[in-house]
Amino acid sequence: MFTSNPFAELSASIPPAVMQAYVVVMIVLVAAGTLFDVVHKGSARYFFDNWRKSKSKGPQVGGGELVSIAVQTAVVDVLASGEFCNARRRVAHLLTMYGFVLHVISTVVMVFRYATPATPGPDVWPVLWWIGGLMILVGGYWFWFFIRVDVAAEGSSPFRLMRADLFVLSLLASVTLGLIWAYAQTRGSSWTHAWFTLYVIATTVLFGSVPWSKFAHMFFKPAAAFEKRVSYANGTRSNLPAAADKPEQFGSARTAPRHY
């Protein structure tokens with residue numbers, strides 16, 4: 001099951017060209033949705049305005065230091081999700097993030113390179129597809145039911161839905177249905193086509209709802225983290241006051257802090 005390319009088996013009913021066209025359309029939707037989101041919300045203008053203010057108010061940061069800041073941003077803020085102080089939140093985010101990367105890359109490789117039984121590929125790609133999907137499910141459902149601030153700290157129902165939840169819910173729905181479809185297909189289930197239809201619908205919602213979800217933040221968040229580090233390097237600190245000598249302590253000896 002884990003070494004079987006689900007898209008190669010699907011080629012018996014759907015031509016590979018159709019699958020490839022669908023993937024291309026999803027990529028276009030993400031690109032267009034991200035551009036719309038950046039323009040509509042003014043994210044790019046906000047970033048460049050802050051960048052100009054930081055350069056005009058503080059001393060210039062040298063080229064060598066800029067390179068060092070860029071490396072720190074990539075390693076700490078992007079690859080290690082260093083903005084999350086809560087360890088559980090960071091682990092859940094990393095599982096979801098790296099699982100998403102593995103799942104998407106392996107999907108693209110299998111659809112464009114090994115889309116038919118006549119072009120069998122290495123077993124590693126289906127394995128990575130499953131591993132990535134399972135990582136998303138572990139990180140995503142852990143976050144949804146146990147870590148969300150309104151659930152963990154405020155006691156709200158985990159089934160309370162808001163528009164801000166569109167991204168994580170559509171991601172979980174897409175991956176969950178995709179894995180169920182792949183499993184059903186290997187078992188020759190009569191529900192295979194139904195699961196695949198639901199999988200396509202959820203995936204279309206995931207990539208087509210970029211302007212209304214938090215999907216686009218993964219593209220401009222690194223730039224915002226870089227600008228923040230530069231502003232702290234030149235002393236402007238994004239117009240924020242300096243850190244207090246003795247910051248406020250949350251929690252007590254009996255209760256661990258659960259603030260985010």
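The model is predicted, so local features need pLDDT of at least 70 and side-chain atom pairs pLDDT 80 or more, while totals for chains, interfaces and linings use all residues. Residues are numbered from 1 along each chain as its sequence is written, and side-chain values use heavy atoms, leaving out hydrogens and water.

The largest nonpolar core holds 34 residues; such a core is a set of buried Ala, Val, Leu, Ile, Met, Phe, Trp, Tyr and Cys residues joined through side-chain atoms within 4.5 Å. Among those with the most contacts inside it are Phe7, Trp129, Trp181 and Tyr199. H8 gives the most to this core, with 9 residues (helices are DSSP runs of H or I, at least four residues, numbered from the N terminus). Of the 21 residues in H8, 15 are buried, that is, under 20% relative accessible area with a 1.4 Å probe, protein chains only. Just after H8, Gly188 takes a positive phi of about 65°.

On the aromatic side, the whole structure has 8 pairs, with ring centres within 6.5 Å (six-membered ring for Trp) and planes under 30 degrees apart counted as stacked, over 60 as edge-to-face and the rest as tilted. Trp129 and Trp130 sit edge-to-face, 5.7 Å centre to centre with 85° between the planes, and both are buried. Trp181 and Tyr199 are stacked instead, at 5.5 Å and 15°. Trp181 lies in helix H8 and Tyr199 in helix H9, so this pair ties together parts 18 residues apart in sequence. Trp181 counts as buried at 0% relative accessibility, as does Tyr199 at 9%.

Technical notes. Buried < 20%, exposed > 50% of the residue type's maximum accessible area, 1.4 Å probe, protein only. Helix = DSSP H or I, 4+ residues; strand = E, 2+ residues; numbered from the N terminus.
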